[in-house]
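Here is a short report on one protein model. Keep the sequence and the 3D view side by side as you read.

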Amino acid sequence: MRSPIATIRTDSAVNRISVSANQRIIALPHDNRQVRLFDMTGVRLARLPRSNRQGHRRMVCCSAWNEENQACNLFTCGFDRQAIGWNINIPALLQEK
C-alpha cells in the first residue's frame, strides 16, 4: 500500500479542488467562503480573499485555473451565485514561502 506524499488538514470542509499544472499550486475552495492556496508539499501559500469585503458571501463550491490568461488566472464560484476571477501572482507567492 502506498502512503500519501502530503496531507493537508483544514478547519472547514473542502469542495472541488483544482491544481495548476504549470505552477503546481493547489486551490482548495472551502465551505467557510475562503479559498486557500497550497503548494504540492502541503505548505499554505495564501488565503483568498484577504479581507471579508472581497470574495464570496457564501460557500465556495469549485475553483479552476486558467494558465493562459495572466490577468485572471484563477476562477471560483459559490452558492452566492457569483463567479469570481482572481489575479494570483504565483512567483511572488512562491518567493514568500
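## The largest pocket

The largest pocket has a volume of about 160 Å³. A pocket is found on a 1 Å grid over the protein atoms alone: it is an open set of points where a 1.4 Å probe fits, with protein on both sides within 12 Å along at least five of seven lines. Grid points are joined across faces, edges and corners, and the volume is the space filled by probe spheres set on the points.

The lining of this pocket has 14 residues. Lining residues have an atom within 4 Å of a point. Gln-23, Glu-67, Gln-70, Asn-73 and Ile-90 lie nearest the centre of the largest pocket. By type, the lining divides into four nonpolar, nine polar and one charged. Here Ala, Val, Leu, Ile, Met, Phe, Trp, Tyr, Cys and Pro count as nonpolar; Asp, Glu, Lys and Arg count as charged; the others, Gly among them, count as polar.

## How to read the model

This is a predicted model, in which local features need pLDDT of at least 70 and side-chain atom pairs count only at pLDDT 80 or more, while totals for chains, interfaces and linings use all residues. Residues are numbered from 1 along each chain as its sequence is written, and side-chain values use heavy atoms, with hydrogens and water left out.

Strands of a sheet pair through backbone hydrogen bonds, either parallel or antiparallel. In this model, four strands form an open sheet in the order β1-β2-β3-β4, with antiparallel pairing. Its edge strands are β1 (18-19) and β4 (44-48), and each pairs on one side only. Strands are DSSP runs of E with at least two residues, numbered from the N terminus. Two strands pair if DSSP finds at least two bridges between them.

Follow the sheet across. Two bridges join β1 to β2 (residues 25-29), and Val-19 has Ile-26 as its bridge partner in β2. Five bridges link β2 to β3, where Ala-27 stands opposite Leu-37. Four bridges then link β3 to β4, and Leu-37 stands opposite Ala-46 in β4.

The hairpin of β2 and β3 has five residues between the strands, and Arg-33 in the turn has a positive phi of about 75°. The hairpin of β3 and β4 has four residues between the strands, and Gly-42 takes a positive phi near 95°.

Why is β3 largely enclosed by the rest of the structure? Five of the five residues of β3 are buried, so the strand is largely enclosed. Buried means under 20% relative accessible area (1.4 Å probe, protein chains only). Both faces of β3 are covered: Val-35, Leu-37 and Asp-39 are buried on one side, Arg-36 and Phe-38 on the other.

Arg-36 lies in β3 (residues 35-39). Its relative accessible area is 10%. The Arg-36 side chain makes polar contacts with the side chains of Asp-11 at 3.0 Å and Gln-34 at 2.9 Å. A polar contact is a pair of N or O atoms within 3.5 Å; within protein, one must be able to donate a hydrogen and the other to accept it, and residues adjacent in sequence count only if both atoms are side-chain atoms.

## Ser-63 in strand β5

Ser-63 is found in β5 (residues 60-65). Is Ser-63 buried or exposed? Ser-63 is buried, because its relative accessible area is 9%. Not counting residues up to four places away in sequence, Ser-63 touches residues including Arg-16, Ala-27 and Phe-75. Contact means heavy atoms within 4.5 Å.

## The β6 and β7 hairpin

Four bridges join β6 (residues 74-78) to β7, and the two run antiparallel. Thr-76 has Ile-84 as its bridge partner in β7. Four residues lie between these strands in their hairpin, where Arg-81 takes a positive phi near 65°.

In a regular strand the side chains alternate between the two faces of the sheet.

Key:
Buried means under 20% relative accessible area, exposed over 50%, partly exposed in between (1.4 Å probe, protein chains only).
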